[in-house]
Amino acid sequence: MRALAHLNKYLWRYKWQLILGMLFIVASNLFGIYAPRLIREAFDLITQTLEVYSKEIDAPYSLALPPSVAITQEILGLDPSDFQDLSSKKGIAAAITLLSVFLAGFYLFVSLLKGVFLFFTRQTIIVMSRLIEFDLKNEVYDHYQKLSLGFYRRNNTGDLMNRISEDVSQVRMYLGPAIMYSINLVVLAILAIGAMLSVNVELTLYVLMPLPLLSVSIYYVSRIMNERSEKVQRQQSKLSTLTQEAFSGIRVLKAYNRQEFIQNNFARECNTYKSLSLRQVKVDALFMPAIILLIGLSTIITIYVGGIKAIQGEITIGNIAEFVIYVNMLTWPFASVGWVTSLVQRAAASQERINEFLHTAPEIVNKNSEPSKIAGNIIFENVSFSYTDSGIEALKNINLSVPKGSTLAIIGRTGSGKSTIANLICRLYDASSGHITIDQQPIEEINLNDLRCAIGYVPQDVFLFSDTIANNIAFGLDSEVATSKLIRDASQKAYVEHNIEDFPDKFETLLGERGINLSGGQKQRVSIARAIARKPQILIFDDCLSAVDTETEEKILNNLQMVMNGKTTILISHRISTVKTADQIIVLDSGIILEQGTHHQLVAKKGEYYALYQKQLLEEKEPIDH
Ligand SMILES: Nc1ncnc2c1ncn2[C@@H]1O[C@H](COP(=O)(O)OP(=O)(O)O)[C@@H](O)[C@H]1O
Ligand SMILES: [Mg+2]
């Protein structure tokens, strides 16, 4: 329950909606509570008619005006006897008919007003809940964006999505319906029970007896309902994951001839889904009858006890009618106590899940809001780094100096820590120990946004969005600078322009699920184009030429020479051919720098680098099928 306190700031932000909503609830109920009274008056009028017919009358007869008629009559200055002859039975009957019609009209009017205010209630409170839902979603999303990569590795995507969609909707049910029905219950209970007590205390107590029972039973029923519907939903998402995998893996599935196996799997899961749904439907079906049974019980008590009291002359027939309506009016609010309780419980659980993420502090914080200018002089001093979640020490005591405008190449086996160095320069992680400085400034003190803007990063695992090629290349640019010339230029330097030109839609070609699939090498080159389109001060290419052949690689590297001119470049690769022209090369092994120098120095050293060079030269001469 305490988790929901997080929402108070929003309730405060929309306090006027809430207060107005409360006033509308009160207004709507005031009119609502007035309606049964009109029914009572109509009933009592009918009793009068019966009286008139059961005895001889001596004209003129004085008609007992129902209070609401009397009030209106006073306001309008009317008198029924003005236009009715009350000296005959027929005349009296006509007057009563007229009064009844008048009461019916009045009833209609009051109900209409009740409805209008109900509309306004929903327009304020439910709208408020939607507005808060919007704000909360944005708050969660905003926070997500600040959280570091480690967080995203610890939590799976489904969980992240659920908290921002499912859980926020649950919370909205608390903000909207739960608050609205709770206020409504309080207001209505005070008004209705007050009205009932003013008629007859004993009858009121009898009639109210079944209502708490109603609340409690609805609470249990709705808990069972929720629990079962959650199971159905979970099974539903299992089913969709299953089918989604089957469709995206259709090639493997067909090639291995596993259709029948998958089909059986699917049928089994569907069967589970069916039985879970049927279980849910069973409780659903019980819900309404249970309510109706309890209302019926109250109604029977009203008529029985009320009947006895009417015979004794304590109350009138009209009072019984009035009570029946009160009971009906109170039923849903009392039933909603149970429903609202379970809503609030679910919302609290959801909000707790949301809070868990909201209270996760971002590991990488921007400490500097002043703009930082970055030239690109990168220095690593005794830098070590361990991934907290795996405990792997990926870098040990790294010392590096990459002067502005020079190229550092990193070569080494997979898992040697190459990508980790790139991650640290982008400040996707902070070093565990040691210092990284850029232009003599500790990296932690540089404005994070400026740092990232100054870097063009081509990650090892290429990710392209399901969007046009042009938009993918322009991803890192503000829309006003993203001219088609710039995009074309970048793609030409990344040596992918000629491929793009071959597609029917050229730069407007859609990628991804509904578009075309690029080959691995084409994807890498689009990714390179995206990085260089920003014209960054620091370029990081993380093994981004692994999927292109040596010939294409040479062309790209030639093109990139121009781009890299004057820019600090980190070039990660496992191919000597890529790195040999770099100003300095480091050979990384298990997070340690084994060798360091230029290509010639390292070849002359005849160490690890030289061995790798020999091996790759051989491979080039007699290409091995990978
Ligand atoms: N996000 C991560 N969480 C935990 N361990 C990681 C993560 N990324 C890499 N590692 C580990 O750190 C080591 C260095 O990885 P990495 O820098 O990616 O190597 P390389 O790029 O040279 O292949 C590896 O042992 C790898 O398993
Ligand atoms: Mg890597």
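Which residues touch the most other members of the largest nonpolar core? In this predicted model, they are Ile473, Ile528, Ile532, Phe541, Leu560, Ile585 and Tyr609. The core holds 43 residues. Helix H19, residues 520-533, gives the most to this core, with six residues.

Take Ile532 as a way in. Leaving aside neighbours within four places in sequence, Ile532 is in contact with Ala490, Lys493, Ala494, Leu539, Phe541, Leu560 and Val563. Two of these partners, Phe541 and Leu560, are themselves among the residues that touch the most other core members.

Now step back to the domains. The protein is divided into domain 1 (2-358), domain 2 (375-454 + 537-626) and domain 3 (461-535). The C-alpha centres of domain 2 and domain 3 lie 24 Å apart. Their contact takes 19 residues from domain 2 and twelve residues from domain 3.

What does the interface consist of? The size of an interface is often given as the accessible area lost when the parts come together. Between domain 2 and domain 3, the buried area is about 1,200 Å². Carbon and sulfur atoms give 65% of that area. Salt bridges between the two domains number zero. Polar contacts join three residue pairs, with both residues at pLDDT 80 or more.

On the domain 2 side, the elements that give two or more residues are helix H15 (448-453), strand S7 (538-542) and helix H20 (550-564). H20 gives the most to this side, with seven residues.

Methods. Residues numbered from 1 in each chain as written. Chains lettered and ligands numbered in written order. Predicted model: local features only at pLDDT ≥ 70, side-chain atom pairs only at ≥ 80, totals over all residues. Heavy atoms only, no water. Core = buried A, V, L, I, M, F, W, Y, C linked by side-chain atoms within 4.5 Å. Buried < 20%, exposed > 50% of the residue type's maximum accessible area, 1.4 Å probe, protein only. Helix = DSSP H or I, 4+ residues; strand = E, 2+ residues; numbered from the N terminus. Contact = heavy atoms within 4.5 Å. Domains from an automatic or database assignment. Buried area = accessible area lost by both parts, 1.4 Å probe. Salt bridge = Lys/Arg side-chain N within 4 Å of Asp/Glu carboxyl O. Polar contact = N/O pair within 3.5 Å; in protein donor to acceptor, adjacent residues only side chain to side chain.
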